[in-house]
Amino acid sequence: MFLNEFEIKQSRIFFEKGYLISEIQEKESLKYISDFFVNATSSYSTNIKINENFLDTLNDIHNSINVEELNSFRLFIIDSMAKDKKFREHYYFLSKNLLDIVVGNELAMQNRVNLSIQMPNDDSSLLPIHADTWSGDSPFEAVVWMPLVDCYDTKSMYLLSPEHLSKITNFKSGDEKSNDLFEYVKDDVEWIKIDYGQVMIFNQSLPHGNIINTTSETRWSMNCRFKSLFSPYGDKGIGEFFEPITTKPMTKLGLNYNFPF
Ligand SMILES: [Fe+2]
């Protein structure tokens, strides 16, 4: 493989652990996205307590918004994200260094960036253990996961690393409820420790999910899928779900080429 030493090391970690975490190098993109959330949150309602510290505002959002209101609040923010023409571009830029190593430089990106808001002790928006490939996603897709607050323990997500994957294959149950499956592997999963200012890319074909956030802070995180433009597609196709974002000149020429004779 024609990779430099850094790329070899990072690739090895990704193969072994199923994810990579990096400090966000594109500080401008981090600022753009952070400012977006300050503005979107404060424009939802004047009842929201805005702290001087951006992290405190988000960590403590459950003191301003109750669980019943959470879904409409989340939809308001997601709608604002979708309307912001620059949002996805900044999301790409802050993860570009990881995507270059793990996925490629000619990419398709999911049309929408998703947002999770996980309040303490809220059991209404949990993601039971799953791999995206189990429901038809292409194994060529990677997920870029960016926290807006520091995430740890149950405030974060968990991932089952490749070394424990064989355990899933051995899982036999008459009743294959995901709770049973989580119980079966819960001592082997890794709770991702990641801080605001960092970004993660993970292999979504590895089992992952979350459980009730038993910390005293609300988790805010975003996720978005990326794949190599010309890799095989699963249920999520180009156009309706993915959009090319970094198509190179020779590819454009090739796609439009007409034989002259
Ligand atoms: Fe997933």
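A salt bridge here is a side-chain nitrogen of Lys or Arg within 4 Å of a carboxyl oxygen of Asp or Glu. By that rule, the structure holds 14 salt bridges, and this tour visits some of them. You are looking at a predicted model, in which local features need pLDDT of at least 70 and side-chain atom pairs count only at pLDDT 80 or more, while totals for chains, interfaces and linings use all residues. Residues are numbered from 1 along each chain as its sequence is written, and side-chain values use heavy atoms, with hydrogens and water left out.

**Stop one: the iron ion**

You will find His130 through NE2, Asp132 through OD and His208 through NE2, lying 2.2 Å from the ion. Along the sequence, these donor residues follow the spacing H-x1-D-x75-H.

Now colour by accessibility: buried means under 20% relative accessible area, exposed over 50%, and partly exposed in between (1.4 Å probe, protein chains only). His130 counts as buried at 19%, and Asp132 counts as buried at 5%.

Strands (E, at least two residues) and helices (H or I, at least four) are DSSP runs, numbered from the N terminus.

Which other aspartate forms a salt bridge with Arg225? Select Asp137, whose closest N and O atoms with Arg225 are 3.0 Å apart. Asp137 also lies in the loop between E3 and E4, 88 residues from Arg225 in strand E9. Asp137 is buried, with a relative accessible area of 4%, and Arg225 is buried at 11%.

Together with Asp132, Asp137 and Arg225, they are linked in a network of salt bridges.

**Stop four: Lys193 and Asp195**

Finally, move to Lys193 and Asp195. Their side chains meet in a salt bridge of 3.4 Å, N to O. Is Lys193 buried or exposed? Lys193 is exposed, with a relative accessible area of 55%, while Asp195 is partly exposed at 27%.

Notes: Donors = N, O, S within 2.8 Å, 3.2 Å for Na, K, Ca; no water.
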